[in-house]
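Visitor: I have a model open and would like to understand the terms used for it. Could you walk me through them?

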Amino acid sequence: MGLCLGYTKPILVLRRLAVSVDITLTTDFGTRDGFVAQMKGVILGINPSARLIDVTHDIRPFAVLEGALVLKGIARYFPIGTIHVAVVDPGVGSNRRCIAVSAEGRIYVGPDNGLVSLVMSPAAKVEVREIRNPEFMLPEVHPSFHGRDIFAAVAAHLSLGTPIHLVGPLVDDPVRLAIPAVLRTTEGLQGEVIYSDRFGNLSTNVEANMLDRSVQEIVCGDVRLPGIKRYFQEVPEGTPLALLNSFGLLEIAVNRGDASAILGIRIGDRVAVTWEHLD
Amino acid sequence: MGLCLGYTKPILVLRRLAVSVDITLTTDFGTRDGFVAQMKGVILGINPSARLIDVTHDIRPFAVLEGALVLKGIARYFPIGTIHVAVVDPGVGSNRRCIAVSAEGRIYVGPDNGLVSLVMSPAAKVEVREIRNPEFMLPEVHPSFHGRDIFAAVAAHLSLGTPIHLVGPLVDDPVRLAIPAVLRTTEGLQGEVIYSDRFGNLSTNVEANMLDRSVQEIVCGDVRLPGIKRYFQEVPEGTPLALLNSFGLLEIAVNRGDASAILGIRIGDRVAVTWEHLD
Amino acid sequence: MGLCLGYTKPILVLRRLAVSVDITLTTDFGTRDGFVAQMKGVILGINPSARLIDVTHDIRPFAVLEGALVLKGIARYFPIGTIHVAVVDPGVGSNRRCIAVSAEGRIYVGPDNGLVSLVMSPAAKVEVREIRNPEFMLPEVHPSFHGRDIFAAVAAHLSLGTPIHLVGPLVDDPVRLAIPAVLRTTEGLQGEVIYSDRFGNLSTNVEANMLDRSVQEIVCGDVRLPGIKRYFQEVPEGTPLALLNSFGLLEIAVNRGDASAILGIRIGDRVAVTWEHLD
């Protein structure tokens, strides 16, 4: 027994080194004030082997849908076992729930306001737990900073191998965000702009697999685009184009320009796709 | 002896892997120009096992007090043994000293301009050393980039276990920043706004433990707030409130809004707290 | 043989832990949208031991020369063996080549548009390969996101020890950016401003080693500066000065001020250095 212990300990040390779970962070906290660093300190204090990856801290303040879209965009690029912490949380301190979600091999930790709902595809097996167990929170939870005192701490404990069911009871009605639906007519599709990226490229809610007929035109405001290009440089500099972006969505862009600024298009603006007439 | 060496070497390798010290970085260097990356390259060149954590590089240029407040805010969330590098350094190259500070189990490295002074509480045992030993600097020190050529290099050497006393002589008069004092009257407290965060929330210098009587009103400019709330959503959207923030300071905020912009309040503006009359 | 295997496996595990290659990232992707995080997820999925270092994601959109200057500035501060990924890529998806470059012990991965050309000094032994082998790319390459689907994936494979010649054929005519040349006259030097940093400090193309005579004056627009200072605080606050910056370039700055804004100087503006008359 004594001998066994003698051999076991170094092996445990090795395992800890080896099991370095990735924890990503997606917030609207900005980078100026040290809020994110406080979360990182909490995580590393609980699990010194965790590896931290910043997704973004530049979600517009309180823009839950924007955060949810970014999170959905990045989630599947990280290995199975990754823990994604997301905090865009205007209701912090109120009675909105805190949740931990297991879906498709990754774990998501954040407020129950829809932020982590776009990664819960209806098809996939999803387990949602309300975070209630104070054992996995900091001893003092500040009512305006659950990101640090609850979400970071819980994520760190989960990264150490704590089973998710220990954080609290099952939730069967997590808040789900709705991306506006695309309307399908005999003429084509009626969608809208749902996201504008750093370059001013405009993502719509029209998914690549909805474009199952030959496209004649894409119309948004005053802009009429003849069909879908593959990449920016297929049109001259400063010219608008439509393409399928890396999220698999129809996008309106300007080659080497800021489409949002140049075309005056904003989130919520309507986009019409018309099919080619076959007469 | 030969055999012993044969066994010792791999164990040393393991120890190096295990002793991965955290080094945090707090600067006003921004993220555009690669200055911070140069510091990181220097650190990893000296200690390949160091783990780097960005606190912020968005301190306003030359805003030493702002940097000091952020550093104080994050420091205690990191584990004992963490090395915090901080560089907001308008006097770089002049005769202001470079210092390394040991306080409450963490080490701080930066210019002696008050930036690391708020973490030196009068109560705690603090050791301040002037960085003089060129052995721990880069061979060529550029007069306008001590962040890279002195502070990063010294932090990396300290993270390898170099005892702090080797960097240079004791300093008994480090520059200390003063946070403006709160005035206490029979009517209440007279404080001021000392920090505005990314959301526009306004931190005052009034600490939670100063609020030892029942508060009737908080007044700042034209804004009169009836008492202290616990979290943002206790008031309707767009409404101002006072609360105790996660730094333990009295804060003026607007639910889902930018208090600084909406209320026109700035750093330095006076804040009055009045006690309830008990007559 | 069986026994040998029994010993070999744990050693392999240790080697993987030990061989943690640094991969740096320099892009114009910004930090809002999760593009960089997607790249990081791809890298960590291929090489879980890679260590990721953000250089900057705030290169101005499509500003290839700016990215090239930042990359050149940071490259030599990272240890031999570092892999630098750089993506400022307005031509993504077109027929511009993708390249991997081995130069002075580091590897560079990015588009062949000059972005990684400033690190290829004519003197150094440089190997440039066109990335063609689909084995090292993601299975589906999106035409507008080579950063993720090609560059990140290739860098991760190279960090695992894949020899660079496997990525594709030699390139003998990589695109090279030209930094504007400095004109040397009997009176002095004619250069120009090539970079403005986060503080508004203005880098010129005049290198320290070109200043081989005694300087009488530096002139840029309306600004006349008498000689070269060593550090900012040699002049009063708000006063312009010339100094040699940490890139080894002549710089025009303002002590504690934003020289670009205060002096109205921009990238491309002419700078004249006049030698002292020895009569």
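This is a predicted model: local features need pLDDT of at least 70, side-chain atom pairs count only at pLDDT 80 or more; totals for chains, interfaces and linings use all residues.

Visitor: What makes the relation between chain A and chain C that of a three-fold axis?

Guide: Chain A can be laid on chain C by a turn of 120° and a shift of 0.0 Å along the axis, with an RMSD of 0.0 Å. That is why the relation is the one of a three-fold axis.

Visitor: How do you know whether the copies meet through the same surfaces or different ones?

Guide: Only 12% of the interface residues of chain A are also interface residues in chain C, so the copies meet through different surfaces.

Visitor: What makes a residue part of the contact between chain A and chain C, and how many are there on each side?

Guide: The test is heavy atoms within 4.5 Å. The contact takes 33 residues from chain A and 36 residues from chain C.

Visitor: How much area is buried there, and which residues of chain A lose the most?

Guide: About 2900 Å² is buried between chain A and chain C, with carbon and sulfur atoms giving 60% of that area. On the chain A side, A:Tyr77, A:Arg198 and A:Phe199 lose the most, together 25% of what that side buries.

Visitor: How many salt bridges and polar contacts are counted between chain A and chain C?

Guide: A salt bridge needs a side-chain nitrogen of Lys or Arg within 4 Å of a carboxyl oxygen of Asp or Glu, and the count here is 0. For polar contact the cut-off is 3.5 Å between N or O atoms, and 14 residue pairs are found, both residues at pLDDT 80 or more.

Visitor: Which element of chain A gives the most to the side that touches chain C?

Guide: Strand 2 of chain A does, with 5 residues. By class, that side of chain A has 18 nonpolar, 7 polar and 8 charged residues.

Visitor: What does the interface of chain B and chain A look like by these counts?

Guide: Here 34 residues of chain B are in contact with 36 residues of chain A. The two chains bury about 2900 Å² between them, 60% of it on carbon and sulfur atoms. In chain B, the residues losing the most area to chain A are B:Tyr77, B:Arg198 and B:Phe199, together 25% of what that side buries.

Visitor: And which pairs does the rule find across it?

Guide: Across the interface of chain B and chain A there are 0 salt bridges and 14 residue pairs in polar contact, both at pLDDT 80 or more. Elements of chain B that each supply at least two residues of its side include helix 1 (2-18) and strand 8 (188-196).

Methods: Residues are numbered from 1 along each chain as its sequence is written. Chains are lettered from A and ligands numbered from 1 in the order in which they are written. Side-chain values use heavy atoms; hydrogens and water are left out. Copies are superposed by least squares on the C-alpha atoms of residues with pLDDT of at least 70 in both. Buried area is the accessible area (1.4 Å probe) that two parts lose on being put together, summed over both. A polar contact is a pair of N or O atoms within 3.5 Å; within protein, one must be able to donate a hydrogen and the other to accept it, and residues adjacent in sequence count only if both atoms are side-chain atoms. Helices (H or I, at least four residues) and strands (E, at least two) are DSSP runs, numbered from the N terminus. Ala, Val, Leu, Ile, Met, Phe, Trp, Tyr, Cys and Pro count as nonpolar, Asp, Glu, Lys and Arg as charged, and the others, Gly among them, as polar.
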